[in-house]
Amino acid sequence: MKIRNLSLKDAPLMLEWMHDPDVVKDLQANFAAKTMEDCRAFIESAQDTSANLHMAITDDNDEYMGTVSLKHIRAETAEFGITIRKAAMGKGLSQTAMAEIISYGFDKLGLKCVYWCVNPLNTRAVRFYDKNGYQRIDVNQAVIRKDIDEIGAYTNAQIEQYIWYCVLQQ
């Protein structure tokens, strides 16, 4: 497994997970409405890494398995995101890709905190994060709450409902 820059060749397999109801059922966006052109546009926009870093997760044959991201990159914080194809689930790719991109954020971007949230209905993701020892936080007590409010990606109801996690640089 490795992470690399997204490539246009990844678009068909990206669209595959977007149209897989088991993969997207508890995610925030309406991925089922996405088209091949949407995937290509996302990949092209991902070449600009000034505010967001979206990387392909690949297997040993360089086949696209998913996307791992640092979004809303600020001076000291960024929001983590990951999604993988059903074919990649249960193979340890998420765990490795997550560790790599968080380390990259700390080591190369100088981040102090990487945070993310999960819809509590997404029990597979909640189990994964809890099993891997990621710390839940009270977002209302966290310094990142100001960043979350400024970015405006979540409604107040989502902020209150979702489970929030944060990794601090050691």
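User: Which residues does W116 touch, not counting residues up to four places away in sequence?

Analyst: In this predicted model, W116 touches E79, F80, M98, I102, Y129, Y134, I163, W164, Y165 and V167. Each counts as a contact because heavy atoms lie within 4.5 Å.

User: What makes a group of residues a nonpolar core, and which members of the largest one touch the most other members?

Analyst: The members must be buried, of the listed nonpolar types, and joined through side-chain atoms within 4.5 Å. The largest such core holds 29 residues. I102, W116 and Y129 touch the most other members. Several elements each supply at least two residues of this core: β2 (53-58), β3, β4, α4, β5, α5 and β7. Helix α4 gives the most, with 6 residues. Apart from this core lies another, of 14 residues, with L6, L15, C39 and I43 among them.

User: How do you know whether the W116 and Y165 rings are stacked or edge-to-face?

Analyst: Check two values. The centres are 5.5 Å apart, and the cut-off for a pair is 6.5 Å, so the rings pair. The planes are 10° apart. Under 30 degrees counts as stacked, so this pair is stacked. By this rule the count comes to 11 aromatic pairs.

User: Where in the chain do the two partners, W116 and Y165, sit?

Analyst: W116 is in strand β5 and Y165 is in strand β7. They are 49 residues apart, and the pair links distant parts of the chain.

User: Are W116 and Y165 buried or exposed?

Analyst: Both W116 and Y165 are buried.

User: Which residues form one aromatic cluster with W116?

Analyst: The cluster is made of F80, W116, F128, Y129, Y134 and Y165.

User: Which residues is D147 in contact with, leaving aside neighbours within four places in sequence?

Analyst: R74, T77 and Y115. T77 is 70 residues from D147 in sequence and 8.1 Å from it in space, C-alpha to C-alpha.

User: Why are D62 and H72 called partly exposed?

Analyst: D62 has a relative accessible area of 22%. H72 has 25%.

User: What is the phi of D62 and of H72?

Analyst: D62 has a positive phi of about 65° although it is not a glycine. H72, also not a glycine, has a positive phi near 55°. D62 lies in the loop between β2 and β3, and H72 in the loop between β3 and β4.

User: How do you know where empty space is left?

Analyst: Rolling a probe the size of a water molecule over the atoms shows it.

User: How much space lies in the largest pocket, and what lines it?

Analyst: About 1300 Å³ of space lies in the largest pocket. Of its 46 lining residues, L27, G81, I82, T83 and Y129 are the closest to the centre. Elements that each supply at least two lining residues include α1 (11-18), α3 (36-45) and α5 (123-131). By class, the lining has 23 nonpolar, 14 polar and 9 charged residues.

User: What about the second largest pocket?

Analyst: Its volume is about 200 Å³. It has 13 lining residues, and T77, C113, V143, I144 and D147 lie nearest its centre. The largest share, 3 residues, comes from α6.

Key. Residues numbered from 1 in each chain as written. Predicted model: local features only at pLDDT ≥ 70, side-chain atom pairs only at ≥ 80, totals over all residues. Heavy atoms only, no water. 1 Å grid on protein atoms, 1.4 Å probe; cavity = no way out; pocket = protein on both sides within 12 Å on 5 of 7 lines; lining within 4 Å. Points joined across faces, edges and corners; volume = space filled by probe spheres on them. Helix = DSSP H or I, 4+ residues; strand = E, 2+ residues; numbered from the N terminus. Nonpolar A, V, L, I, M, F, W, Y, C, P; charged D, E, K, R; others polar. Buried < 20%, exposed > 50% of the residue type's maximum accessible area, 1.4 Å probe, protein only. Phe/Tyr/Trp six-rings, centres within 6.5 Å; stacked < 30°, edge-to-face > 60°.
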